[in-house]
Amino acid sequence: MQKYSFKRLKKILFLTVARMQMPGHLRTKFIRMGGVMIPDTTNVSIGEGCVIDRLYPENLTIGHHVRITMKCLILTHYFDTSCKGLRFKSGKVYIDDYVFIGASTLICSPIVIGKHSVVGAGSVVTKNIPPYEIWAGNPARFIKVRPGYETEHEEWLQQNHHEV
């Protein structure tokens, strides 16, 4: 039988309660109490049926004005293929400000989703998503730059030494 500290049990309890039916803003508060880093819960909405990895909830950071729609799965651990046997590693997931994540999206760690990005419904995110971009698919791929953010996107690419 595996032993858990009281602090760990409390996190598991809050993340389990967050799976119940309730308004998105209230769910966000339970998820924060479960160990997820959410600086401001007032403008973050997490939809019904979303599952946050209970092994390392502290490795997930959600920025301001983020919308995560229903039935999304966010993992903060992954299978380590670099060694023999069954071994898992923890990884950080960072969801920046003003991000929209469509329904039934799977987010695998370690990744960063840049500010003002959109992830289409049913996507499987396995790579970092730069700011101001729309990605979708399985695996998620670049679709286009968000309309109205072309200048900001180009500036970001130049600062980070990427080509347009």
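Predicted model: local features only at pLDDT ≥ 70, side-chain atom pairs only at ≥ 80, totals over all residues.
In strand S5, isoleucine 74 is the bridge partner of isoleucine 52. S2 and strand S5, the latter spanning residues 73-74, pair in the parallel sense over two bridges. Both strands are part of an open sheet of four strands, ordered S2-S5-S10-S13, in which the pairing is parallel. Strand S2 (51-52) and strand S13 (124-125) form the edges of this sheet, each pairing on one side only.

A further open sheet contains six strands in the order S1-S4-S9-S12-S14-S15, and its pairing is mixed. Its edge strands are strand S1 (45-46) and strand S15 (141-145), each of which pairs on one side only. On one side, strand S12 (residues 118-119) and strand S14 (residues 133-136) pair in the parallel sense over two bridges; here tryptophan 135 in S14 is the bridge partner of valine 119. With S15, by contrast, S14 pairs in the antiparallel sense over four bridges, and lysine 144 in S15 is the bridge partner of isoleucine 134.

Another cis peptide bond runs from serine 109 to proline 110, with omega near -10°. Proline 110 is placed in the loop between strand S10 (106-107) and S11.

Lysine 71, in the loop between strand S4 (67-68) and S5, has a positive phi of about 60°. Its relative accessible area is 53%, so lysine 71 is classed as exposed. Serine 104 has a positive phi near 55° and lies in the loop between strand S9 (100-101) and S10. Serine 104 counts as partly exposed because its relative accessibility is 41%.

Serine 117 is located in the loop between strand S11 (111-113) and S12. With a relative accessible area of 0%, serine 117 is buried. Tyrosine 56 occupies the loop between S2 and strand S3 (60-62). The relative accessible area of tyrosine 56 is 31%, and the residue is therefore partly exposed. Between tyrosine 56 and histidine 77 the C-alpha to C-alpha distance is 7.2 Å, across 21 residues of sequence.

Attention may now turn to charged side chains. In general, side chains of opposite charge can pair when their charged atoms come close. How many salt bridges does a search of the whole structure find? The search finds one. In this salt bridge, glutamate 58 is joined to lysine 11, and the closest N and O atoms are 3.5 Å apart. The pair links distant parts of the chain, since glutamate 58 is in the loop between S2 and S3 whereas lysine 11 is in helix H1 (residues 6-17), 47 residues apart. The two partners fall into separate accessibility classes: glutamate 58 is partly exposed at 34% relative accessibility, and lysine 11 is buried at 17%.

Is glutamate 154 buried or partly exposed? Its relative accessibility is 41%, so glutamate 154 counts as partly exposed.

Technical notes
Residues numbered from 1 in each chain as written. Heavy atoms only, no water. Buried < 20%, exposed > 50% of the residue type's maximum accessible area, 1.4 Å probe, protein only. Pairing = 2+ DSSP bridges. Salt bridge = Lys/Arg side-chain N within 4 Å of Asp/Glu carboxyl O.
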